[in-house]
Amino acid sequence: MRYTVYTDGAARGNPGPAAIGIVVEDDTGRSVYESSRTIGVRTNNEAEYLAFLAALQYLKESRVTEADFYLDSELVVRQLLGQYRVKEPRLQSLHAQATMLLNAVPHRTIRHIPRARNARADELANEALDAEGKAPPAG
């Protein structure tokens, strides 16, 4: 079975409070997994990579070998496809992790899409940020 995966990272500020959103659909378009969580203070690009890594980890654990990935970050997509170099040291580490985890999904495509086509993953990331902002102070 081939899965469709939408990932998004969001940061309010660059860097700033950040979160990820992930949507995995089966071959009928039914959502089989959704996840969102905050990831601390990150840049937008770090958040995009961390969302992609979280999706890859889920697919690996689920033994999924065929997937189409859709991200609204053109930079991250082009870096993953080897079209752009990864210059930022913090992104180099995330890129290396992604490259390793991609081995678990040998039959794959990675495509850039407009943010409007990535609405649910974007919504999940922003919901996590909104919830974090409303949480009572620790202590």
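**Salt bridges, strands and cores in a predicted model**

A search of the whole structure finds ten salt bridges. By salt bridge I mean a side-chain nitrogen of Lys or Arg within 4 Å of a carboxyl oxygen of Asp or Glu. Side chains of opposite charge can pair when their charged atoms come close.

Some ground rules. This is a predicted model, in which local features need pLDDT of at least 70 and side-chain atom pairs count only at pLDDT 80 or more, while totals for chains, interfaces and linings use all residues. Residues are numbered from 1 along each chain as its sequence is written, and side-chain values use heavy atoms, with hydrogens and water left out.

Helices (H or I, at least four residues) and strands (E, at least two) are DSSP runs, numbered from the N terminus. Buried means under 20% relative accessible area, exposed means over 50%, and partly exposed is in between, using a 1.4 Å probe and protein chains only.

Now some of the bridges. The side chains of Arg2 and Asp68 meet at 3.0 Å, N to O. Where do Arg2 and Asp68 sit in the chain? Arg2 is in the segment before E1 and Asp68 is in strand E4, 66 residues apart, so this pair links distant parts of the chain. Arg2 counts as partly exposed, at 27% relative accessibility, whereas Asp68 counts as buried, at 13%.

Next, Glu74 and Arg78 form a salt bridge of 2.9 Å, N to O. Both residues lie in helix H2, four residues apart, about one turn of the helix. Glu74 is partly exposed at 37%, and Arg78 is partly exposed at 28%.

Glu88 and Arg90 also form a salt bridge, at 3.8 Å, N to O. Glu88 is partly exposed, at 37% relative accessibility, and Arg90 is partly exposed too, with a relative accessible area of 47%. Elsewhere, a network of salt bridges links Glu34, Arg120, Glu123 and Glu127.

Glu34 brings us to the strands. Two strands pair if DSSP finds at least two bridges between them. In E3, Glu34 is the bridge partner of Val23. E2 and strand E3, residues 31-42, pair in the antiparallel sense over ten bridges. Their hairpin has five residues between the strands, and Gly29 there takes a positive phi near 90 degrees.

Ala11 stands opposite Ala18 in E2. This hairpin has four residues between its strands, with Gly13 in the turn at a positive phi of about 105 degrees. Is E2 mostly covered or exposed? E2 is mostly covered, with eight of its ten residues buried.

Last, the cores. A nonpolar core is a set of buried Ala, Val, Leu, Ile, Met, Phe, Trp, Tyr and Cys residues joined through side-chain atoms within 4.5 Å. The largest one has 33 residues, and the members touching the most others are Phe52, Leu56, Leu59, Phe69, Leu80 and Ile110. Elements that each supply at least two residues include strand E1 (3-11), strand E2 (16-25), helix H1 (44-61) and helix H3 (89-102). Which element gives the largest share? That is H1, with ten residues.

Leu80 makes contact (heavy atoms within 4.5 Å) with Tyr49, Phe52, His95, Ala98, Leu102 and Ile110, not counting residues up to four places away in sequence. Apart from this core lies another, of six residues, among them Tyr6, Val23, Tyr70 and Ile113.
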